[in-house]
Amino acid sequence: MAWTVSCSRVFVVRCSASSSGGAGGGGGGGHGQQHRSGANAVRVNGAVHRAPLQVGAALETSINRSLAELSAPVLPLLPATGGDGDVGGGEERSRQNIPTEKQMVDPFRQALIVEGGVRYQQTLVVRSYEVGPDKTATLETVLNLLQETALNHVWMSGLLGDGFGATHGMIRNNLIWVVSRMHVQVDQYPIWGEVLDIDTWVGSSGKNGMRRDWLIRGRNSGDVFVRATSTWVMMNKVTRRLSKMPEEVRGEIAPWFIDRHAIQEEAAEKIIKLDSNAMYIHSDLKPKRSDLDMNHHVNNVKYVRWMLETLPDHFLQQNQLRSITLEYRKECGSSDVVQSICQPDDDSIPPQENVTMAIGPSLSPEIISGHHSLAGALQQSPMKYTHLLQLKAGDKYEEIVRGRTTWKKKTYNAP
């Protein structure tokens, strides 16, 4: 059904400069000056429509969003030259729009602070470049969403300084956050175009650490797709050594703590260290400049990519990751050379009957054995793996991260 819109301002739908109106090319109508084209006018592709304009639902949403953004309060920004000891000019701060006070609503990111003003919730859509050939979100996409919502949570808290999620107190003490452990469980992978609700919150972890948890739900179903928990500690930005949490920083973040866990872990599983006798080894991996984050070390999402690329292609084509646990030991820089090692758990091979269910009863064992490519593709593989990334340090290796992955069969539709 078509609908009509009558506006007291002129909205320029086509992106172009306007010779009339206030600052911002039409945004100055709220200062008491009426546009000379008329009170009830909408400009589309250069033509002014004074009569009510028939538009579709997409434009209705766009105009409503524009109205909300125009009426949103201006956020208090960090000063052009601050006293936090961090660098960055006033132009950069203004472009980042970093608030110095707690915000309850972020209309640009479709986010809210809920549950007594401490839990962060954001709604977003899975984009085309975030999915693989099967139109489902990749694990890297999931991990990037976790990282982005965590940073946005700090942004809305009013505590964000100029660092990668660092608070003002952390910047004054030359500290940055580093993740020491992460556990992600994927029950269902989101698909292209799906609307997601992501919740994240923080809690205490020992004397000097912080825990951050996430839940990713499908907006339509309300089902939980992903659960994740992580532990973070502080590192000195100059010495690159772990640091105790200053009382100043504890005072900043403690009011945000929630005693709740997305994943109930009674006892953390110990991940064994692999050696050169592992089944799969991929050597001479070198970081690219695009792999570095704002802290000038390789982003932890890249580590996961290196781990998974060590697995055989036919295994990755048949299976999808169900859970991953990571224990970070050392950061990796742009000049480091990395080795990825992987060892399967032989006792995690699923029963043979799972293959029959996957291929259907119409394929007999004789047919399968007669087609070597099909037999290889349907060969049973272990469902649990241990991983290790290590970097070359002279004539020895130093650990970067240990990992454990659990997998499940992809769903096949019989022809």
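In this predicted model, Glu140 has a relative accessibility of 24% and counts as partly exposed, where buried stands for under 20% relative accessible area, exposed for over 50%, and partly exposed for values in between, computed with a 1.4 Å probe on protein chains only. Arg305, with a relative accessible area of 30%, is likewise partly exposed. Glu140 forms a salt bridge with Arg305, in which the closest N and O atoms are 2.8 Å apart. This pair connects distant parts of the chain, 165 residues apart, with Glu140 placed in helix 3 (residues 139-157) and Arg305 in helix 6 (residues 300-309). A salt bridge is taken here as a side-chain nitrogen of Lys or Arg within 4 Å of a carboxyl oxygen of Asp or Glu, while helices (H or I, at least four residues) and strands (E, at least two) are DSSP runs numbered from the N terminus.

Residues are numbered from 1 along each chain as its sequence is written, and side-chain values use heavy atoms, with hydrogens and water left out. Because the model is predicted, local features need a pLDDT of at least 70 and side-chain atom pairs count only at pLDDT 80 or more, whereas totals for chains, interfaces and linings use all residues. The pLDDT, which is the predictor's confidence in each residue on a scale from 0 to 100, has a mean of 78 over the protein, and 69% of the residues reach 70 or more. Over residues 47-55 the pLDDT stays under 50, and the model has 26 contacts beyond four places in sequence for this stretch; it also stays under 50 over residues 74-87, for which there are 34 such contacts. Where pLDDT is low, the predicted coordinates should not be read in detail.

The protein contains 10 helices and 17 strands, and buried residues make up 44% of its 415 residues. Among contacts (heavy atoms within 4.5 Å) between residues at least 6 apart in sequence, 71% join residues at least 24 apart.

Under the salt-bridge rule, the count comes to 18. Glu331 forms one of these with Arg240, the closest N and O atoms being 2.8 Å apart. The two residues are 91 residues apart and link distant parts of the chain, Glu331 lying in the loop between strand 14 (319-328) and strand 15 (338-344), and Arg240 in the loop between strand 11 (224-236) and strand 12 (242-243). Glu331 is partly exposed at a relative accessible area of 23%, as is Arg240 at 29%. Elsewhere, salt bridges with shared partners join Glu115, Arg119, Asp199, Arg217 and Arg260 into one network.

A further salt bridge pairs Arg127 with Glu130, with the closest N and O atoms 3.7 Å apart. Arg127 is partly exposed, at 41% relative accessibility, but Glu130 is buried, with a relative accessible area of 13%. Glu130 sits in the loop between strand 7 (119-125) and helix 3. Leaving aside residues up to four places away in sequence, Glu130 touches Val125, Thr136, Ala137, Thr138, Thr141 and Leu145.

Helix 6, which carries Arg305, is largely enclosed by the rest of the structure, because 8 of its 10 residues are buried. The buried residues are Asn300, Val301, Lys302, Tyr303, Val304, Trp306, Met307 and Leu308. At the N-terminal end, Asn299 caps the helix, with a side-chain oxygen 2.9 Å from the backbone nitrogen of Val301.

Tyr303 and Val184 have the most contacts inside the largest nonpolar core, which has 74 residues; such a core is a set of buried Ala, Val, Leu, Ile, Met, Phe, Trp, Tyr and Cys residues joined through side-chain atoms within 4.5 Å. Helix 3 gives the most to this core, with 9 residues. Domain 1 (98-266) and domain 2 (269-347 + 382-414) both contribute residues, so the core lies between them, the domain bounds being taken from an automatic or database domain assignment. Beyond four places in sequence, Tyr303 touches Val298, Tyr328, Lys330, Glu331, Cys332, Leu389, Ile400 and Val401, and its partner Glu331 is the residue that bridges to Arg240.

Definitions and conventions: Polar contact = N/O pair within 3.5 Å; in protein donor to acceptor, adjacent residues only side chain to side chain.
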